[in-house]
Amino acid sequence: GIAKKKGLIHTSPYEEFKFKYVPGEREVLDNQELLSLFNLYKTEFINVGGKTLPLPPDHKEVLRRFLFSCVTGIRLSDTHHITVDNVANNQLTFKVAKGFYRSAKIQKIPLSTVALKLIEGRKGKLFNKITDQHINQLLKFIAGWAGISKVLSFHVSRGTFATQYLRMGGD
């Protein structure tokens, strides 16, 4: 494309290839599943082998981060570096950590009452340091405790946000 237009090459090495669109299937949470996760977060207890136990702190932190993304659409990579300084006037403003424009693009996300509640009282970084892999591992346990049979990964939160946004009339 661009190299050919600029005269850097005469023919594209990809002219012989044919590409076919294959629609992907993404998991998203429905309203009931999302409500189950919020209820788990609020109650702070889980049932394991017939015993009621407190939700482990690292699981609660992952659930809080996941739910925040469900209501804001924020990427996992961005949750690693946002701080309370990025929040002002019920809006989250930060530089995007991923993608082509990561060095220049500023993201501004209005924060709902629910989103603000999830980060209330935080100091410094909004979320504790946990690796992406560990977050996705803990989400599998969280899903089971919430009675969700879908395979949860952090990316499900972004699809859930998008679906909810469209359902509520967003464009």
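Exposed is over 50% relative accessible area, buried under 20%, partly exposed in between (1.4 Å probe, protein chains only). Helices are DSSP runs (H or I, at least four residues), numbered from the N terminus.

This is a predicted model, where local features need pLDDT of at least 70, side-chain atom pairs count only at pLDDT 80 or more, and totals for chains, interfaces and linings use all residues. Residues are numbered from 1 along each chain as its sequence is written, and side-chain values use heavy atoms, without hydrogens and water.

Next I looked up the buried side of α6. I found Ile 135, Leu 138, Leu 139, Ile 142 and Ala 143 buried. Down the axis of α6 they fall within an arc of 150° (directions from the axis to the C-beta atoms), so they line one face of the helix. Their cover includes α2 (31-43), α3, α4 (76-79) and α7 (154-167); contact means heavy atoms within 4.5 Å.

After α6 I noted Gly 147, with a positive phi near 75°.

Then I turned to Ser 69. It is found in helix α3 (residues 57-72). Is Ser 69 buried or exposed? Ser 69 is buried, because its relative accessible area is 0%. Leaving out residues up to four places away in sequence, Ser 69 touches Ile 74, Phe 154, Ser 157, Arg 158 and Phe 161. A polar atom of the Ser 69 side chain lies 2.7 Å from the backbone oxygen of Ile 74.

Technical notes: Helices (H or I, at least four residues) and strands (E, at least two) are DSSP runs, numbered from the N terminus. A polar contact is a pair of N or O atoms within 3.5 Å; within protein, one must be able to donate a hydrogen and the other to accept it, and residues adjacent in sequence count only if both atoms are side-chain atoms.
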